[in-house]
Amino acid sequence: MCMNNKIKKKRMLKALLIAGSLLLTGCGGTSSGNDENSDYVAVICKSSQHEFWRTMEKGAMDAGEELGIKVTFEAPEDETHLDDQIKLIEKAIDNNADAIVLAPLDTDKLNDVVDRAVDKGIPVITLDSDITTEKRLASIGTNNVTAGAIAARYEAQLIGDKGKVAIIAHVEGAQTTIDRMKGFVDEITVNHSGVEITDQVYTGGDADVAYEETMKILKANPDINGIYATNEGSAVGAAKAVEESGLSDSITMIGFDSSDNEVEYLEKGVIDGMMVQNPFNMGYLGVRNIYKALHGKNIEKIIDTGAIYVNRDNLYDEDTQWYLYPLGKN
């Protein structure tokens, strides 16, 4: 059965349930019926710890408000709690969500529960990261391989195409981590033979873990020249370690994502550049596109929301400020 037929079947079942409810409770019920405004989209992300996810939530909620549909936003406590994310997807299925918009914590380990949702007529779109099941409808986010390669080119340039670089990565197994590392490592390997990648560690996206791991690397490699951090938490923790070690002038650092803390480290010269994504647009387009799919419209399979390289030279440009503060400054 194709996805559109499954959605239609699910909507017919929903209409029957609503009709039955009205017969039992009388015509004075508060149900909105089976009109377009009864759609329920469950947005499930990786975490709510960082500004990146809060910005994505805002984009999703704004889209839901514009469309007049119910949108919920839930996430595990942090990006290491894969089992909790699986439970949230199961909860959305049990709650008869019409669709799920998911920022997956793992490339492969969520396939079974996503397939189960799709088999019940609940379409799934992924945000930020992707999964390997072919049953997901579309993927929306940054081309992380390209962004990683751009980060590598700037890192190599900053250290004069010669030296040692460590990678402080976030969640092992997440597609964003895999792609950002692949783009970076491939670019260094192919085009910058004078640059050596010494260490690759995983932090779960936690700033405290990133701080500790970076401290270990700095002590073990006193001749290190650069650091590449693959998400906000990893970048903030690594930057703190570099600053406290008094190595801001001798170690160049490229981060990923953006937050007030990252911008502050950039202004102080601890971070030299950041690959900045558009999480608001991810959340907004995720809800917008799943709504189109629910109503029989075709959508693109891959939607690239873009990323830009930010350093002290373009930090205060108008376009850069919009990327950094899509919700405006507090």
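Modeller: Before we start, axes here are lines fitted to C-alpha atoms, for helices over the stretch in contact. Keep in mind that this is a predicted model.

Colleague: Got it. How do the axes of helix H8 and helix H9 cross, and what do we call that arrangement?

Modeller: H8 covers residues 232-244 and H9 covers residues 260-268; their axes come within 9 Å and cross at roughly 40°.

Colleague: Which residues of H9 does H8 meet?

Modeller: The H8 side brings Glu-232, Ala-235, Val-236, Ala-239, Lys-240 and Glu-243. By class, the contact of the two helices has four nonpolar, one polar and five charged residues. On the H9 side you'll find Asn-261, Glu-262, Tyr-265 and Lys-268.

Colleague: Over to Glu-187 in helix H6. Is Glu-187 buried or exposed?

Modeller: Glu-187 touches Ala-149, Ala-152, Arg-153 and His-192, leaving aside residues up to four places away in sequence. Its side chain also has a polar contact of 2.9 Å with that of His-192. Buried means under 20% relative accessible area. Glu-187 has 10%, so it's buried.

Colleague: What is the phi of Asp-257, and how accessible is Asp-257?

Modeller: Most residues other than glycine have a negative phi. Asp-257, in the loop between strand E9 and H9, isn't a glycine, yet its phi is positive, about 75°. Asp-257 is buried, with a relative accessible area of 5%.

Methods
Residues are numbered from 1 along each chain as its sequence is written. This is a predicted model: local features need pLDDT of at least 70, side-chain atom pairs count only at pLDDT 80 or more; totals for chains, interfaces and linings use all residues. Side-chain values use heavy atoms; hydrogens and water are left out. Axes are lines fitted to C-alpha atoms, for helices over the stretch in contact, and angles run from 0 to 180 degrees between N-to-C directions. Helices (H or I, at least four residues) and strands (E, at least two) are DSSP runs, numbered from the N terminus. Contact means heavy atoms within 4.5 Å. Ala, Val, Leu, Ile, Met, Phe, Trp, Tyr, Cys and Pro count as nonpolar, Asp, Glu, Lys and Arg as charged, and the others, Gly among them, as polar. Buried means under 20% relative accessible area, exposed over 50%, partly exposed in between (1.4 Å probe, protein chains only). A polar contact is a pair of N or O atoms within 3.5 Å; within protein, one must be able to donate a hydrogen and the other to accept it, and residues adjacent in sequence count only if both atoms are side-chain atoms.
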